[in-house]
Amino acid sequence: MATERTELHPAEHRAYRELYAACRQLITRWRRIGSALEGTPVGDRLKDGAAETSVLLTELGPRTASYGLYGGP
């Protein structure tokens with residue numbers, strides 16, 4: 001029988017915080033570069049990647065919130 005965890009291991013906590021930070025930075029950078037390369041295949045891929053990363057953060061939010069860890073202020 002699986003037991004539910006009530007708190008994260010410190011390494012997991014840090015990993016999630018770093019994941020949030022890295023994803024936010026990636027989204028910002030890829031959107032900026034994608035806009036500069038608008039109309040090219042690379043620009044379109046960067047914008048798509050930024051959108052998928054935003055979805056990842058949205059879906060990650062409830063999972064980490066259950067541990068009291070939030071991806072933003």
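Contact here means heavy atoms within 4.5 Å. Keep that cut-off in mind, since this tour of a predicted model follows what touches what.

**Stop 1: the two helices**

Select residues 10–36. This is helix α1, with 27 residues. From its first C-alpha to its last it reaches 39 Å, close to the 39 Å expected at 1.5 Å a residue. Now select 41–65, which is α2. It has 25 residues and reaches 36 Å, close to the 36 Å expected at 1.5 Å a residue.

Show both helices together. What covers the buried residues of α2? The cover includes α1.

Colour the buried positions next. In α1 they are Tyr16, Tyr20, Cys23, Ile27 and Gly34. In α2 they are Gly43, Leu46, Gly49, Ala50, Thr53, Leu57, Leu60 and Thr64. An α-helix has 3.6 residues a turn, so residues three or four places apart point the same way.

**Stop 2: the nonpolar core**

Select Leu8, Tyr16, Tyr20, Cys23, Ile27, Ala50, Leu57, Leu60 and Leu69 and show side chains. These 9 residues make up the largest nonpolar core. Which elements give two or more residues to this core? They are α1 and α2. The largest share, 4 residues, comes from α1. In soluble globular proteins, nonpolar side chains tend to be buried together.

Centre on Leu57. Setting aside residues up to four places away in sequence, Leu57 touches Tyr20, Cys23, Arg24 and Ile27.

**Stop 3: Thr53**

Stay in α2 and select Thr53. Is Thr53 buried or exposed? Its relative accessible area is 12%, under the 20% limit, so Thr53 counts as buried. Beyond residues up to four places away in sequence, Thr53 touches Cys23, Leu26 and Ile27. Cys23 and Ile27 are also on the contact list of Leu57.

**Stop 4**

Move along α2 to Glu59. A kink of about 25° lies there, shortly before the proline Pro62.

Go on to Thr64, also in α2. At 0% relative accessibility, Thr64 counts as buried. Show its side chain and the backbone of Gly61. The backbone oxygen of Gly61 lies 3.3 Å from a polar atom of the Thr64 side chain. Which residues does Thr64 contact, leaving aside neighbours within four places in sequence? They are Tyr16, Tyr20 and Leu69. Tyr16, Tyr20 and Leu69 are also members of the largest nonpolar core.

**Stop 5: His13 and Leu69**

Select His13, in α1. At 30% relative accessibility, His13 counts as partly exposed. His13 and Leu69 are 56 residues apart along the chain, yet their C-alpha atoms are separated by 7.6 Å. Apart from residues up to four places away in sequence, His13 touches Leu8 and Leu69. Leu8 and Leu69 both belong to the largest nonpolar core.

**Stop 6: the salt bridge**

How many salt bridges does a search of the whole structure find? It finds 1. Select Arg14 and Glu18 to see it. Their closest N and O atoms are 2.6 Å apart. Side chains of opposite charge can pair when their charged atoms come close. Arg14 and Glu18 both lie in α1, 4 residues apart, about one turn of the helix. Glu18 has 43% relative accessibility and counts as partly exposed.

**Stop 7: Lys47 and Pro41**

Return to α2 and pick Lys47. At 32% relative accessibility, Lys47 counts as partly exposed. Leaving aside neighbours within four places in sequence, Lys47 is in contact with Gly34, Ser35 and Glu38. Gly34 is one of the buried residues of α1. The C-alpha atoms of Lys47 and Ile33 are separated by 8.5 Å, and the two residues are 14 apart along the chain.

Finish at Pro41, in α2. Is Pro41 buried or exposed? At 65% relative accessibility, Pro41 counts as exposed. Draw a distance from Pro41 back to Glu18. They are 23 residues apart in sequence and 29 Å apart in space, C-alpha to C-alpha.

Conventions. Residues are numbered from 1 along each chain as its sequence is written. This is a predicted model: local features need pLDDT of at least 70, side-chain atom pairs count only at pLDDT 80 or more; totals for chains, interfaces and linings use all residues. Side-chain values use heavy atoms; hydrogens and water are left out. The expected span of a helix is 1.5 Å times one less than its number of residues. Buried means under 20% relative accessible area, exposed over 50%, partly exposed in between (1.4 Å probe, protein chains only). A nonpolar core is a set of buried Ala, Val, Leu, Ile, Met, Phe, Trp, Tyr and Cys residues joined through side-chain atoms within 4.5 Å. A salt bridge is a side-chain nitrogen of Lys or Arg within 4 Å of a carboxyl oxygen of Asp or Glu. The bend at a residue is the angle between axes fitted to the seven residues ending there and the seven starting there. A polar contact is a pair of N or O atoms within 3.5 Å; within protein, one must be able to donate a hydrogen and the other to accept it, and residues adjacent in sequence count only if both atoms are side-chain atoms.
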